[in-house]
Amino acid sequence: MAQGPLSHAEADPQRDPPQPRVVRAGSRSRSLLCRAHLGLAESWWEGAVFGLDRPREAVAIGRQSVLKALEIEGALGEAYAMLGVYLGVHDFDWGAAERAFRRGLELSPASSDVRTRYALYLLAPNLRLDEAVAELEAALEFDPLSAVVHACLGHCFIYQRNFARATRELHLATELDPSYWMGHLILAGSYAFQGMFDKSIEVCRKVMDAIGPNPMIMGATACVHGIMGEPRRAEELRLRLIESSRTSCVPPLAVAWIYLGLGDLDTCLDWLEKAVEERDPLIVEFQPKPLYDAFRPHPRFQALLSAMHLVKSNP
């Protein structure tokens, strides 16, 4: 009996992306089933990114979903890109992730999703920032009106400390899709990194008014309040997060940001370590993001980078 790539005794999907299998019958139904599993993988990933699902559970389930998609149909570039995301963030196997992303680009060179994920979840965490910007600019050639890609490009400009250009891209992203709240959150961060704290708080408040008390927005807002010397407001948001954690998911990074803003670096590091243990998707920002500059010489932060198999150097 012919075997798929996951059932073959010598195959190792952890390090070697599955090879395309031959589909002889029911190709349309197989394609639909493959897309369904890919959709599940993307949905679980987004739930973890946006603070809606517990990261470790979501990432583990999503990883199995994308492997199932590739077992069914091994010639879908978007599925290889999602495999690359999971191999990087779940397994910290950046070499295998790179091979998966490159296979995805071979199969779907015009996919803005493939290029965007390659930039954010492989190139940026490994401080290949010029390459990340180039991939996102290429993605915009195929999808010039994508608010998501413009926001991701703005995020990479933040990584490069090019805040003026980042702000321009993020303004464009929020104009293209005012409902894309993650773009607003990144814009608030860009303002904060430039010392424009009032503008940062204003953006965060508008987003909370629009979508409700999302833990990521609350953590970011509290962080800025702490940096502004308003610990009471930061503490109020921290207590709200603790209360909400009794009934819903609160990502460790949302709490870590509050302690960072309050200047409690040791407690912040406790929560950063929990974020790595939980496989919070946004741990990929540890290397490039200026938010974490104060931690770079700290042995515990260096240990986190080692645990994630990332090179230890300044962006």
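Buried means under 20% relative accessible area, exposed over 50%, and partly exposed in between, with a 1.4 Å probe and protein chains only. The model is predicted: local features need pLDDT of at least 70, side-chain atom pairs count only at pLDDT 80 or more, and totals for chains, interfaces and linings use all residues. Residues are numbered from 1 along each chain as its sequence is written, and side-chain values use heavy atoms, with hydrogens and water left out.

**Exercise 1. Salt bridges**

Determine how many salt bridges the count comes to, and describe the pairs of arginine 238 with glutamate 235 and of aspartate 270 with arginine 300.

*Solution.* 

Step 1. The criterion is a side-chain nitrogen of Lys or Arg within 4 Å of a carboxyl oxygen of Asp or Glu. By this rule there are 18 salt bridges. Side chains of opposite charge can pair when their charged atoms come close.

Step 2. Arginine 238 and glutamate 235 form a salt bridge with an N to O distance of 2.6 Å. Because these two residues are three apart in helix H12, about one helical turn separates arginine 238 from glutamate 235. Helices (H or I, at least four residues) are DSSP runs, numbered from the N terminus. Arginine 238 has 16% relative accessibility and therefore counts as buried, whereas glutamate 235, at 28%, counts as partly exposed.

Step 3. A salt bridge also joins the side chains of aspartate 270 and arginine 300 (2.6 Å, N to O). This pair links distant parts of the chain, with aspartate 270 in helix H14 (residues 265-278) and arginine 300 in helix H15 (residues 299-307), 30 residues apart. Aspartate 270 has a relative accessibility of 34%, so the residue counts as partly exposed. Arginine 300 is likewise partly exposed, with a relative accessible area of 24%.

**Exercise 2. A buried pair and a network**

State whether glutamate 285 and lysine 289 are buried or exposed, and identify which residues are linked in a network of salt bridges.

*Solution.* 

Step 1. The side chains of glutamate 285 and lysine 289 meet in a salt bridge at 3.2 Å, N to O. Both glutamate 285 and lysine 289 are buried.

Step 2. The network of salt bridges links Glu98, Arg102, Arg128 and Glu131.

**Exercise 3. Helix packing**

Describe how the axes of helix H11 and helix H12 cross.

*Solution.* 

Step 1. Axes are lines fitted to C-alpha atoms, for helices over the stretch in contact, and angles run from 0 to 180 degrees between N-to-C directions. The axes of H11 (residues 215-227) and H12 (residues 231-244) come within 7 Å and cross at roughly 160°.

Step 2. H11 is therefore roughly antiparallel to H12, a term for angles over 145 degrees.

Step 3. The crossing of H11 past H12 is left-handed, meaning that the near helix is turned anticlockwise from the far one by less than a right angle.

**Exercise 4. Positive phi values**

Locate arginine 161 and arginine 279, and give the phi of arginine 161 and of arginine 279.

*Solution.* 

Step 1. Arginine 161 lies in the loop between helix H7 (147-159) and H8. Its phi is near 65°, a positive value in a residue other than glycine. Arginine 161 is partly exposed, with a relative accessible area of 28%.

Step 2. Arginine 279 is in the loop between H14 and H15. Although not a glycine, arginine 279 has a positive phi of about 60°. At 16% relative accessibility, arginine 279 counts as buried.

**Exercise 5. C-alpha separations**

*Solution.*

Technical notes: Angles under 35 degrees count as roughly parallel, over 145 as roughly antiparallel, 65 to 115 as roughly perpendicular and the rest as oblique.
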